[in-house]
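Dear colleague,

I am handing over the structure we spoke about, together with an account of what was found in it. Please look through it alongside the notes that follow.

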Amino acid sequence: MTVISTSDFKTGMTLEIDNNLFTVVDFQHVKPGKGPAFVRSTLRNARTGAVIDKTWRAGEKTERAMIDKREMQYLYSDGANYIFMDNESYDQLTVTPESLGDAANYLVETANAVMLMFGTEIIGVDMAPSVELTITETEPGIQGDRVSGASKPATLETGLVVQVPLFIEQGERIKVDTRTGEYTSRA
């Protein structure tokens, strides 16, 4: 572990506080007219996703967690878990759906993902901003229904259901934003 000062905080940095991992979402250095300076921060628990606010004295020390980023390829799902292969060592790793979070909605076999690891524990997944997925099921668009902004539900190959425009048909590939889970365009 590396000990850092509050003056070294950066957005996205991971800290270890009381045996929990927290990612710095936002921070602000405050120098009031009276009294000592302090740092107000917003932290997200890397394991649970809970968000907390924490105030630090200026210059206070804390431990920085060393997060390893490994590129892995999604091989298959064995029903309950996901099996990934490390692209460097070719080791296979079993990952629970809880560790993947929302990223499980965008993973297709042979897709690459960057795993965020703390030791041997997976604490998150860095996904591309958008992914291309195939529509497996959707209703046909009704001829003459040209309401501006009308949409219909479509089921993708991963099981995710998104709203798409009426002109999109079954079997087409579309781009989906992984941050919001919304349709962006045809692929």
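A residue is called buried when its relative accessible area is under 20%, exposed when that area is over 50%, and partly exposed in between. Please also keep in mind throughout that this is a predicted model.

By that cut-off Phe-9, at 3% relative accessibility, counts as buried, whereas Phe-27, at 30%, counts as partly exposed. The ring centres of Phe-9 and Phe-27 lie 6.3 Å apart and the ring planes stand at 90 degrees, so the pair is edge-to-face. The two residues come from distant parts of the chain, being 18 residues apart: Phe-9 sits in the loop between E1 and strand E2 (14-17), while Phe-27 belongs to strand E3 (residues 20-30).

A second aromatic pair, formed by Tyr-74 and Phe-84, is tilted, with 5.5 Å from centre to centre and 45 degrees between the planes. Because Tyr-74 lies in strand E7 (residues 68-77) and Phe-84 in strand E8 (residues 82-86), this pair ties together parts that are 10 residues apart in sequence. Are Tyr-74 and Phe-84 buried or exposed? Tyr-74 counts as buried at 6% relative accessibility, and Phe-84 counts as buried at 0%.

Returning to the Phe-9 and Phe-27 pair, ring pairs link these two residues with Trp-56 into a cluster. Trp-56 also has a charged neighbour, in that Lys-54 lies over the face of its ring, at 4.8 Å from the ring centre.

Turning to the sheets, there is an open sheet of six strands, which follow the order E1-E6-E2-E3-E4-E5 with antiparallel pairing. Strand E1 (2-5) and strand E5 (51-57) stand at its edges, and each has a single partner strand, so one side of each is left without a neighbour in the sheet. From one strand to the next, the twist averages 50 degrees.

Strand E13 (residues 151-156) pairs with E14 in the antiparallel sense over five bridges, and here Pro-153 has Gln-163 as its bridge partner in E14.

Finally, two backbone angles deserve a look. Most residues other than glycine have a negative phi. Which value does phi take in Asp-18? Phi of Asp-18 is near 50 degrees, a positive value in a residue other than glycine; this residue is found in the loop between E2 and E3 and is exposed, with a relative accessible area of 72%. Tyr-90 likewise has a positive phi, near 65 degrees; Tyr-90 lies in the loop between E8 and strand E9 (92-95) and, at 57% relative accessibility, counts as exposed.

With kind regards

Terms used. Residues numbered from 1 in each chain as written. Predicted model: local features only at pLDDT ≥ 70, side-chain atom pairs only at ≥ 80, totals over all residues. Heavy atoms only, no water. Pairing = 2+ DSSP bridges. Helix = DSSP H or I, 4+ residues; strand = E, 2+ residues; numbered from the N terminus. Axes fitted to C-alpha atoms, helices over the stretch in contact; angles between N-to-C directions. Phe/Tyr/Trp six-rings, centres within 6.5 Å; stacked < 30°, edge-to-face > 60°. Buried < 20%, exposed > 50% of the residue type's maximum accessible area, 1.4 Å probe, protein only. Lys NZ or Arg CZ within 6 Å of the ring centre and 35° of its normal.
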